[in-house]
Amino acid sequence: MFIGKYNRSVILTYVGVAAAFAGTAFAVEGALAPAMIALVFAGICDLFDGVIARRCKRDETEKEFGVQIDSLADVVGFLALPAVLGLRLADGIGIVKYPLLFGYILCGIIRLAWFNTSAAAEGVRTHYDGLPVTYAALIIPVTYAVLGFFPEFLSEFYAALIWAAEYAVIAVLFILNVKIAKPRGVWYVIFGALAVGIIALILVRDVL
């Protein structure tokens, strides 16, 4: 009746997209703390959707659909949402933020396209080429939480400069030819615990 796949192998990916959309809506409204929490949650979904998919019995069409839908979800969750957040976070540097955030998105989609191309050519891999875009769900919220504890030391301009530098570094790391190991085993527990800790920090920052 409908095109696409809707079984449990991709359901967590769709949940991640819903979280990313909610985060984008929060960011547009200026509610940065909920937007950051939504970004972290989208990262958790991306971390575990592959684990769930690999435990499902899938034909080749379902596997290829999973690869493609995961990349498209990454564009929404870890490129578009952080870019909208960046419009708020780097507002203090004026129009410079626009080419900066465009560069962030461009480098991110190049990295995703390269990953899909190399994955199709080489099959199962033990590492990533360049920083995975998902890591934005860790780096950006951590910076947000930490900077929130030092508001008296940072004017809007200097805070915006920090954010601009961070986005620029992340963008370069997306396309830098470095090998980054794929998380395995205990790293899923570590990243899950980090996500919970980051959310707690954001909540504490928001209360304080």
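Me: Which hand does the crossing of H2 and H3 have?
Reply: The crossing of H2 and H3 is left-handed. Please keep in mind that this is a predicted model.

Me: How does one read the directions of two packed helices, and at what angle do the axes of H2 and H3 cross?
Reply: The angle is taken between N-to-C directions, and a value over 145 degrees counts as roughly antiparallel. Here the axes of H2 and helix H3, which spans residues 60-89, cross at roughly 160° and come within 11 Å. H2 is therefore roughly antiparallel to H3.

Me: Which residues of H2 and H3 meet?
Reply: On the H2 side they are Leu-32, Ala-35, Met-36, Leu-39, Ala-42, Gly-43, Asp-46 and Asp-49. On the H3 side they are Asp-70, Asp-74, Gly-77, Phe-78, Leu-81, Pro-82, Leu-85, Arg-88 and Leu-89. Sorted by class, the contact of H2 with H3 has 10 nonpolar, two polar and five charged residues.

Me: Where does Ala-73 lie, and is this residue buried or exposed?
Reply: A residue under 20% relative accessible area is called buried. Ala-73 belongs to helix H3, and its relative accessibility is 12%, so it counts as buried. Leaving out residues up to four places away in sequence, Ala-73 touches Thr-13 and Val-17. Its C-alpha atom is separated by 9.4 Å from that of Ala-42, a residue 31 residues away along the chain.

Me: How do H2 and H5 pack?
Reply: Helix H2, residues 32-54, and helix H5, residues 136-147, have axes 8 Å apart and an angle of about 150°. This angle makes H2 roughly antiparallel to H5. Their crossing is left-handed. Leu-32, Ala-33, Met-36, Leu-39, Val-40 and Gly-43 of H2 meet Ala-136, Ala-137, Ile-140, Pro-141 and Tyr-144 of H5. The classes in this contact of H2 with H5 are 10 nonpolar, one polar and no charged residues.

Me: What hand does the crossing of H5 and H6 have, and at what angle do their axes cross?
Reply: The axes of H5 and H6 cross at roughly 160° and come within 11 Å. H5 is therefore roughly antiparallel to H6. The crossing of H5 and H6 is right-handed. From H5, the contact takes in Ile-139, Ile-140, Thr-143, Tyr-144 and Leu-147; from H6, it takes in Ile-162, Trp-163, Glu-166, Tyr-167 and Ile-170. Eight of the residues in the contact of H5 with H6 are nonpolar, one is polar and one is charged.

Me: How many aromatic pairs does a search of the whole structure find?
Reply: The search of the whole structure finds nine aromatic pairs. One of them joins Phe-48 and Tyr-188, whose ring centres are 5.8 Å apart with 40° between the planes, a tilted pair. Phe-48 is in helix H2 and Tyr-188 is in helix H7, residues 186-207, so the pair ties together parts 140 residues apart in sequence. Phe-48 counts as partly exposed because its relative accessibility is 28%. Tyr-188, at 17% relative accessibility, counts as buried.

Me: How are the rings of Trp-163 and Tyr-167 arranged?
Reply: Their centres lie 6.4 Å apart and their planes meet at 55°, so this pair is tilted. Both residues lie in helix H6, residues 156-175, and they are four residues apart, about one turn of the helix. Trp-163 and Tyr-167 are both buried. With Tyr-104 and Phe-174, they form one aromatic cluster.

Me: Is Pro-99 buried or exposed?
Reply: Pro-99 is part of helix H4, residues 97-122. At 51% relative accessibility, Pro-99 counts as exposed. Pro-99 and Ala-113 are 14 residues apart in sequence, and their C-alpha atoms are 21 Å apart in space.

Definitions and conventions:
Residues are numbered from 1 along each chain as its sequence is written. This is a predicted model: local features need pLDDT of at least 70, side-chain atom pairs count only at pLDDT 80 or more; totals for chains, interfaces and linings use all residues. Side-chain values use heavy atoms; hydrogens and water are left out. Axes are lines fitted to C-alpha atoms, for helices over the stretch in contact, and angles run from 0 to 180 degrees between N-to-C directions. Angles under 35 degrees count as roughly parallel, over 145 as roughly antiparallel, 65 to 115 as roughly perpendicular and the rest as oblique. A crossing is left-handed if the near helix is turned anticlockwise from the far one by less than a right angle, and right-handed if clockwise. Contact means heavy atoms within 4.5 Å. Ala, Val, Leu, Ile, Met, Phe, Trp, Tyr, Cys and Pro count as nonpolar, Asp, Glu, Lys and Arg as charged, and the others, Gly among them, as polar. Rings of Phe, Tyr and Trp (its six-membered ring) pair if their centres lie within 6.5 Å; planes under 30 degrees apart count as stacked, over 60 as edge-to-face and the rest as tilted. Buried means under 20% relative accessible area, exposed over 50%, partly exposed in between (1.4 Å probe, protein chains only).
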